[in-house]
Amino acid sequence: MAISNAPRYPWNNLLHTVNNAAQEYFAQYRARLAQRPAQSDDGFGRAPWLGATGASDAEIVRHEERLGMRLPASYREFLQVTNGWDEYSHSSLRLLTLAEVGWTRDVEPMIAQIWDGLDGADPQDKWYLHQESVSASLCVSEEIEGQVWLLNPHVVGPDGEWEAWDLASWHPGEVRYRSFWDLMEYQFGRYLA
């Protein structure tokens, strides 16, 4: 039986829907700004697309080799549509480009230390690299005001999807999602509501 390369997740539709909603918001913002002559247009919301050029298969594979793991399908497909996402849409945190993505212990060591309670212990110590470890998770968003999104390669569903975590200072522990798709569908759904 042949394996299909068709996308499983409708990223293109979801991201364009969010982008269109953000563009409407930006147009309303600029219209309000124009009514106040004392305020200048700061260029906010001028980009027609809040994403970036999608990553090629070769680029994704190169970064998977750097990370030492194959990324889950929902995240790979997201990266093929857009290699990152702009936080200025107010629809989500800024999602990092492949070049910025890395293990939380390397990309956001303070977050790893705080959430794992390492208190000066070596985050490379095998004891800490277990399935509940923030240190061993993949950091896919910029940390903004105490919130960050992570993918956990140690909790994998039968479909190969990694569990996604929303860590924030205003809720206890991590909020867990079955996959990156589920996390983003929830976050974007809140924005679109």
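**Figure 1. Surroundings of Trp-149 in the predicted model.** Trp-149 is in contact (heavy atoms within 4.5 Å) with Ser-92, Leu-93, Leu-95, Leu-138, Cys-139, Val-140, Ser-141, Trp-165, Asp-166, Leu-183, Met-184 and Gln-187, leaving aside its neighbours within four places in sequence. The model is predicted: local features need pLDDT of at least 70 and side-chain atom pairs count only at pLDDT 80 or more, whereas totals for chains, interfaces and linings use all residues. Residues are numbered from 1 along each chain as its sequence is written, and side-chain values use heavy atoms, with hydrogens and water left out. Trp-149 belongs to strand E3 (residues 147-156); helices (H or I, at least four residues) and strands (E, at least two) are DSSP runs, numbered from the N terminus. With a relative accessibility of 1%, Trp-149 counts as buried; buried means under 20% relative accessible area, exposed over 50%, and partly exposed in between (1.4 Å probe, protein chains only). Cys-139 lies ten residues from Trp-149 along the chain, and the C-alpha atoms of the two are separated by 6.3 Å.

**Figure 2. Glu-145 in the loop between strands E2 (138-139) and E3.** Most residues other than glycine have a negative phi. Glu-145 is not a glycine, yet its phi is positive, at about 50 degrees. The residue counts as exposed, at 70% relative accessibility.

**Figure 3. Packing of helix H1 against helix H6.** The two helices pack at an angle of about 25 degrees, with their axes 11 Å apart; axes are lines fitted to C-alpha atoms, for helices over the stretch in contact, and angles run from 0 to 180 degrees between N-to-C directions. H1 is therefore roughly parallel to H6 (angles under 35 degrees count as roughly parallel, over 145 as roughly antiparallel, 65 to 115 as roughly perpendicular and the rest as oblique). H1 passes H6 in a left-handed crossing; a crossing is left-handed if the near helix is turned anticlockwise from the far one by less than a right angle, and right-handed if clockwise. H1 contributes Trp-11, Leu-14, Leu-15, Thr-17, Val-18, Ala-21, Ala-22 and Tyr-25 to the contact, and H6 contributes Phe-180, Trp-181, Met-184, Glu-185, Phe-188, Tyr-191 and Leu-192. By class, the residues of this contact divide into 13 nonpolar, one polar and one charged (Ala, Val, Leu, Ile, Met, Phe, Trp, Tyr, Cys and Pro count as nonpolar, Asp, Glu, Lys and Arg as charged, and the others, Gly among them, as polar). Thr-17 of H1 counts as partly exposed, at 42% relative accessibility.

**Figure 4. The aromatic pair of Tyr-9 and Trp-181.** The rings are tilted, at 5.8 Å centre to centre and 40 degrees between the planes. Rings of Phe, Tyr and Trp (its six-membered ring) pair if their centres lie within 6.5 Å; planes under 30 degrees apart count as stacked, over 60 as edge-to-face and the rest as tilted. Tyr-9 lies in the segment before helix H1 (11-34) and Trp-181 in helix H6 (residues 180-192), 172 residues apart. Tyr-9 is buried, at 10% relative accessible area, and Trp-181 is buried at 9%. Ring pairs link Tyr-9, Trp-11, Tyr-75, Phe-78, Phe-180 and Trp-181 into a cluster.
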